[in-house]
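Subject: Structure handover

Dear colleague,

Please find the structure below, together with its sequence. My notes on salt bridges and surface follow it.

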Amino acid sequence: MLTKVLPLAAAAGGEDVNPLLPHTAEIIFGFVFLILLAIAFAKVVVPKFEKAYADRTAAIEGGMNEAKQAQAEAKAALEKYNAQLAEARQEAAKIREDAREQGAVIIAEMREQANAEAERIVTHARTQIDAERSQAVASLRGEVGQMATTLAGRIVGESLEDEARQRRTVERFLADLEASESARQAVGTDG
């Protein structure tokens, strides 16, 4: 309606109307509408944008804080894990060293026991051999004495049945036998 009024007024004045320039009433009406639109935009839309921006900023900062906290916890857990791992390695090395030492002690004890057992067996064997030798010598002396008595009785022609006489004869015979054996060994080692 305004546009209809204005062209008539312009035509009535007889002035030339420039089609590129708007009318003054349209400029004022557009300016007032722009101010009202800016006020409405500032009252309704801008606070919603500001709230959304603040919420987004808070969410991002909260996420960053949570990420930093998670990173710090992960770093602490890693340090704790590395410390436990180092401690476990040290403990394992100590256990291995203790096992080596115990193994060396056990080996030394077993060697000592084996040596003692071997020595005991050798000593027992020597004792048994000496006992058997003594028994064999005694048995041999008895048999040799019996044979010597029988032989001497045949040679002499008298009976040597008296036990004391028999014992003296056997002892003298064995002493002569040992003396002749010693003499032979002395001659054999000198020659």
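Arginine 100 is exposed, its relative accessible area being 53%; here buried means under 20% relative accessible area, exposed over 50%, and partly exposed in between (1.4 Å probe, protein chains only). This is a predicted model, in which local features need pLDDT of at least 70 and side-chain atom pairs count only at pLDDT 80 or more, while totals for chains, interfaces and linings use all residues. Residues are numbered from 1 along each chain as its sequence is written, and side-chain values use heavy atoms, with hydrogens and water left out.

Salt bridges

The structure holds five salt bridges, a salt bridge being a side-chain nitrogen of Lys or Arg within 4 Å of a carboxyl oxygen of Asp or Glu. Three of these are described here.

Arginine 100 pairs with glutamate 97 in one of them, at 3.3 Å from N to O. The two residues lie three apart in helix H2, about one turn of the helix. (Helices are DSSP runs of H or I with at least four residues, strands are runs of E with at least two, and both are numbered from the N terminus.) Glutamate 97 is partly exposed, with 37% relative accessibility.

Lysine 94 and aspartate 98 form another salt bridge, with 4.0 Å between the closest N and O atoms. Both residues belong to helix H2 and are four residues apart, again about one turn. Lysine 94 is exposed at 54% relative accessible area, whereas aspartate 98 is partly exposed at 31%.

A further salt bridge joins the side chains of lysine 51 and aspartate 55, at 4.0 Å from N to O. About one helical turn separates lysine 51 from aspartate 55, because they are four residues apart in helix H2, which covers residues 24-156. Lysine 51 is exposed, with a relative accessible area of 57%, and aspartate 55 is partly exposed, at 45%.

Nonpolar patch

Which residues form a nonpolar patch on the surface? They are Ile28, Val32 and Leu36, with about 280 Å² of accessible area together. Patches are made of residues with over 30% relative accessible area and no salt bridge; like charges are joined within 9 Å, and nonpolar side chains (Val, Leu, Ile, Met, Phe, Trp, Tyr) within 5 Å. Accessible areas come from the Shrake-Rupley method with a 1.4 Å probe, and for residues only the protein chains shown count as cover. Leucine 36 is found in helix H2 and is exposed, with a relative accessible area of 53%.

Regards
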